[in-house]
Amino acid sequence: MSKLAMYFRKLILIFYFLFLTHLYSAEIIIQGNSRVIYNDFTFTDNSKYIIINQEGQWTDSIGNYGASECKGLIKRKDNNIIDFLDVICQSTDQNNVVTWSKYERTGSEIGRGVGVSTIIDTTSKYKKQLIGTKCNYAVNRTKDMVFSKSVCKIPDELYKKLTQ
């Protein structure tokens, strides 16, 4: 490959990187806590199939707050490591806007870990822009309480709309 072609390839990569970081440079941070109830089956190999129900509250970095309810399934290996987590949460804010998110993670302890959530539906007027938004989340559990923090990177244009 010629030096000129290599130069243009690097230049295109730099512009691509700058363009993407500019489009998704805004972030919303969500903090929550909830009480969780587990119903499970324990198998002979000591692995578990767990149905969870959670109720709690949350706040975010743009001034919203509300209640949340989650339901889902966890398959836990015998060593307390999550083999599969599939949880749907319904969050209702102070203006009665409802958002449903799907939470997934594998390979971490049941009491703490990190994963990715995805907005799958919402009653927000920005529904089209919000559906598909991915957030990185971390959870920590003590007894029957779960504490969470999510970071959602969104386009600057959507951030401006959400904060007006």
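This report walks through the fold, the nonpolar cores and the disulfides of the protein.

## Ground rules

This is a predicted model, with local features needing pLDDT of at least 70 and side-chain atom pairs counting only at pLDDT 80 or more, while totals for chains, interfaces and linings use all residues. Residues are numbered from 1 along each chain as its sequence is written, and side-chain values use heavy atoms, leaving out hydrogens and water.

## The overall layout

You'll find three helices and eight strands here, where helices (H or I, at least four residues) and strands (E, at least two) are DSSP runs numbered from the N terminus. Going along the sequence, the order is α-β-β-β-β-β-β-α-β-β-α.

The protein has 164 residues, and 33% of them count as buried, meaning under 20% relative accessible area with a 1.4 Å probe, protein chains only. The accessible surface is about 10,700 Å², with 57% of that belonging to carbon and sulfur atoms; areas come from the Shrake-Rupley method with a 1.4 Å probe.

## The nonpolar cores

In soluble globular proteins, nonpolar side chains tend to be buried together. A nonpolar core here is a set of buried Ala, Val, Leu, Ile, Met, Phe, Trp, Tyr and Cys residues joined through side-chain atoms within 4.5 Å. The largest one has 14 residues, and Ile52, Ile74, Leu85, Val87 and Tyr103 touch the most other members. Strand 2 (48-60), strand 3 (65-76), strand 4 (82-93) and strand 7 (134-142) each give it two or more residues.

Tyr103 has contacts (heavy atoms within 4.5 Å) with Leu85, Asp86, Val87, Cys89, Val116, Ser117, Tyr137 and Ser150, leaving aside residues up to four places away in sequence. A separate core of eight residues includes Ala26, Ile28, Tyr126 and Ile154.

## Two disulfides

The structure holds two disulfides, each a pair of cysteine sulfur atoms within 2.5 Å. Counting bonded cysteines along the chain, they pair up as 1-2, 3-4.

Cys70 and Cys89 are joined with an S to S distance of 2.0 Å, and their link is right-handed, at 110° about the S-S bond. This pair ties strand 3 to strand 4, with the cysteines 19 residues apart. Cys70 is buried at 6% relative accessible area, and Cys89 is buried at 8%. Cys89 also touches Glu69, Thr99, Trp100, Ser101 and Tyr103, among others.

The other disulfide links Cys135 and Cys152, again with sulfur atoms 2.0 Å apart. Its handedness is right-handed, with 105° about the S-S bond. Cys135 sits in strand 7 and Cys152 in strand 8 (residues 145-154), 17 residues apart. Cys135 is buried, at 5% relative accessibility, and Cys152 is buried with a relative accessible area of 5%.

Definitions and conventions: Buried < 20%, exposed > 50% of the residue type's maximum accessible area, 1.4 Å probe, protein only.
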